[in-house]
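Hello,

Here is the structure I promised to pass on. Please look it over before reading my notes below.

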Amino acid sequence: MTSTTKRLGAVAVALASTAALTLVLSPAASAASPLRDLAAAKGRYFGNAMTAGDFNDSAYRALSAREAGVVTPGNEMKWDATEPSRGSFTFTRGDQVVAGAVAANQKVRGHTLVWHSQTPAWAQNLSAGDLRSAMVNHINTVMGHYKGKVFAWDVVNEAFAENGTRRQSFWQQKLGDGFIAEAFRAARAADPGAKLYYNDYNTDGIGAKSDGVYNMVKAFKQQGVPIDGVGFQAHLIVGQVPSSLRQNLQRFADLGVDVAITELDIRMKTPSDSAKLAQQARDYGQVVDACLAVARCVGITTWGLSDNHSWIPGVFPGEGAALPFDGNLQPKPAYNAMSTAFGNPTTTTTTTTTTTTTTTDPQPTGCAATYRVTGQWQGGFQAEVTVSAGAAAIRGWAVSWTFADGQTVSSSWNAALTTQGAVVTARNASYNGDVAAGASTAFGFVGTSTSRNSPPSLSCTTT
């Protein structure tokens, strides 16, 4: 099931008194706060899977940057991608995912080290002794390369059959029941700071398969095997979210491990219709509610964000429409349901506000821009610029500024940036140039800096 194809900062506009404010939002947005922020406010994370190729789609990359606080590489850290021949490691595409996540202020969740699928034939054909040695070396090398960059790993993936016994993979047949514990011990030694997970599908509700995993985790805790969490893939079908999902998550948490929804999608027979989308929305809300009800449920990751970046149609012919955004990166009812479940008070395009806080003062017409540093580290920083329309809609914008302390821009999203010496000009992307009256959009960038990083003064013009 794990085979894969794969902020927007809000700025408050002063209102003289309580009024009904119609928000016209940028493409692919329907809530005042992105899911990454709503989840964080609940002590959870929201993430999505990304492949290296996904980062070439600028609009999709911007969607992930806004909505997801965690990225899981779809394929780039699996065995066939990292060690295609014995002892010959390559991390180019995995590094691309990590770099893209860092640029968007996202954490990275590693996936996956030991799995029966997407493991090269050379490894599958080894003798038992050589296979054990290759497994430990692979774990040491891959985790060593990403040490400090990946906060959690799916150490072993899909090692159980549907009846709750061990899957009779080449791992099981050659190394026996002990290989999973060996892999976890090797992983702890390779990166003591990373959280170590067992990950599987069709284990979301209570049943034979989840019982088998439960008994293994219970035994590991009793034996001192270093397991920190269990991942529940949650590749689900519309209308079929297990009624025992919350209970199941809780019983694992009661063993003393974290739990996470790691690969969520909820597929339907296509084409979609309003009834199916409404049920899907209820299903997504139910999954979020279940996670929030369990204190040790640390987060939810969807396997992609939009229906044009989903593995489902390629594996389940005639099925799809499984993700919170449609193929045009527009939010579906499922997105609004997740937003509501995470506690967002604003999930429609009309809301009432009483705030009188002013961050910027848009011009009667034209545009205004505000700048804020969202992250800073030795030698670098990340910044976000919010562009707001005044009393009239704008059809294009450009923001210029001059760095005073020798800062430079290394990468950006949601805008096309050009530099001439210390002067930087950012122009809207193809999808966010139209900003309705009173609404806003945002872009961001990663830059380099020295000891000083003074915020510049901005000039915003319409184009």
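A polar contact here is a pair of N or O atoms within 3.5 Å; within protein, one must be able to donate a hydrogen and the other to accept it, and residues adjacent in sequence count only if both atoms are side-chain atoms. This is a predicted model, where local features need pLDDT of at least 70, side-chain atom pairs count only at pLDDT 80 or more, and totals for chains, interfaces and linings use all residues. Residues are numbered from 1 along each chain as its sequence is written, and side-chain values use heavy atoms, with hydrogens and water left out.

The annotated residue

The UniProt annotation "active site", from an unreviewed entry, covers Glu 263. UniProt positions follow the numbering used here, feature names are shortened, and annotations may be inferred rather than shown by experiment. Glu 263 sits in strand β9 (residues 258-269). Helices (H or I, at least four residues) and strands (E, at least two) are DSSP runs, numbered from the N terminus. Glu 263 has a relative accessible area of 0%, so it is buried. Buried means under 20% relative accessible area, exposed over 50%, and partly exposed in between (1.4 Å probe, protein chains only). The side chain of Glu 263 makes a polar contact of 2.8 Å with that of His 235.

A buried strand

All six of the six residues of β2 (residues 45-50) are buried, so the strand is largely enclosed by the rest of the structure. Tyr 45, Gly 47 and Ala 49 lie on one side, and Phe 46, Asn 48 and Met 50 on the other. Two strands pair if DSSP finds at least two bridges between them. β2 runs parallel to β10 (residues 297-302), with four bridges. There, Tyr 45 has Gly 299 as its bridge partner. β2 also pairs with β3 (residues 70-73), again parallel and over four bridges. Asn 48 is opposite Val 71 in β3.

The open sheet

Four strands form an open sheet in the order β17-β18-β15-β20, with antiparallel pairing. β17 (415-420) and β20 (458-462) are at the edges with a single partner strand each, so one side of each has no neighbour in the sheet. From one strand to the next, the twist averages 20°. Angles run from 0 to 180 degrees between N-to-C directions, and axes are lines fitted to C-alpha atoms, for helices over the stretch in contact. β17 and β18 (residues 423-428) are antiparallel and joined by six bridges. Ala 415 is opposite Asn 428 in β18.

Helices

α10 (residues 245-253) packs on α11 (residues 274-293) at about 30°, with the axes 9 Å apart. That makes the α10 and α11 pair roughly parallel (angles under 35 degrees; over 145 is roughly antiparallel, 65 to 115 roughly perpendicular, the rest oblique). Thr 82 lies in α3 (residues 79-82). Thr 82 is buried, at 0% relative accessibility. A polar atom of its side chain lies 2.9 Å from the backbone oxygen of Lys 78.

Backbone points to check

Most residues other than glycine have a negative phi, and most peptide bonds are trans. The His 111 to Thr 112 bond is cis, with omega near -5°. Thr 112 is in β4 (residues 107-115). The Thr 270 to Pro 271 bond is also cis, with omega near 5°. Pro 271 is in the loop between β9 and α11. Leu 329 is not a glycine, yet has a positive phi of about 65°. Leu 329 is buried, with a relative accessible area of 11%.

Best wishes
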